[in-house]
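Grab the viewer and follow along.

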Amino acid sequence: MKKIFLIIFLSIFSLGFSQKKKKGKAKVVAEKETVIIYTETEAETSNEPRIIAGFLKQNPGHQRSDFFKKKLMTIIMADNSAEAKPTIKPLSKNKIEKIVSNNELNKGKDVAINKSPERNVNFASVSSSSKKSEASDKNKKTAAMLSHIFNDDPSDKEAYINIKNRSNCRLIVKISGKKYYNLDVPAKGQNFILIDKGEYVLTTMVCDAKYSSLKRISKDIEIQLDVAD
């Protein structure tokens, strides 16, 4: 009888120990927060307007400024092609040029732009179809981001967060504070959002690991998330 009780006791003890061991192996999130610094190599290889525009702002008077301005304009015009994305209420090419060229950090030589008949592109439009709506949202986001990056006003009330997702899982990052935002970040990808400066709680699930962090957002930052080894 004693042997039976001993066997039962050892079985219960082993089960409890194994469960504690499993709990001890719970995944945790590895986070890295940095101030965003754009390099010439990134601007050279990237097709993201945000990166090229950021490099231009951080490196006023750079010897290749004209090249990067042209590249930025080419990407913006291509992304907002009237042929590729039929829209209504288009914004003229000249207005886009002002966003890129009309700022203190980019004084110098004017960017040589092909003076072919003006082609209208869209940064803010209203459309009935889902594709037009998605294009409109993307264009609004790009316009707001470029205006923010080239804004020299120290009283600017907005900042943006860029989330780099190094994990193999898609993230839905909830940003909660005086306003609420959701940011969809693809696996092994990145995404950014422009928000009002202030204090926010960022929460998400990085695969099976829970992430929650209090952030005081007073400048543009980049947050890299992954599952710790």
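This is a predicted model: local features need pLDDT of at least 70, side-chain atom pairs count only at pLDDT 80 or more; totals for chains, interfaces and linings use all residues.

## The sheet

In what order do the 4 strands of the open sheet come? The order is 1-8-2-5, with mixed pairing. Strands here are DSSP runs of E, at least two residues long, and helices are runs of H or I of at least four, both numbered from the N terminus. Two strands count as paired if DSSP finds at least two bridges between them.

At the edges sit strand 1 (29-35) and strand 5 (190-196), each pairing on one side only. From one strand to the next, the twist averages 20° (axes are lines fitted to C-alpha atoms, and angles run from 0 to 180 degrees between N-to-C directions). Strand 1 pairs with strand 8 (residues 221-227) in the antiparallel sense, over 7 bridges. Look for T34, which stands opposite E222 in strand 8.

## A helix tucked inside

Helix 3 (residues 49-58) has 8 of its 10 residues buried, so it's largely enclosed by the rest of the structure. Buried means under 20% relative accessible area, with exposed over 50% and partly exposed in between (1.4 Å probe, protein chains only). The buried ones are P49, R50, I51, I52, A53, G54, F55 and L56.

Residues are numbered from 1 along each chain as its sequence is written, and side-chain values use heavy atoms, leaving out hydrogens and water.

The chain's mean pLDDT (the predictor's confidence in each residue, from 0 to 100) is 75, and 64% of its residues reach 70 or more. Over residues 82-89 pLDDT stays under 50, and the model has 14 contacts (heavy atoms within 4.5 Å) for them beyond four places in sequence. Residues 107-127 are also below 50, with 55 contacts beyond near neighbours in sequence.
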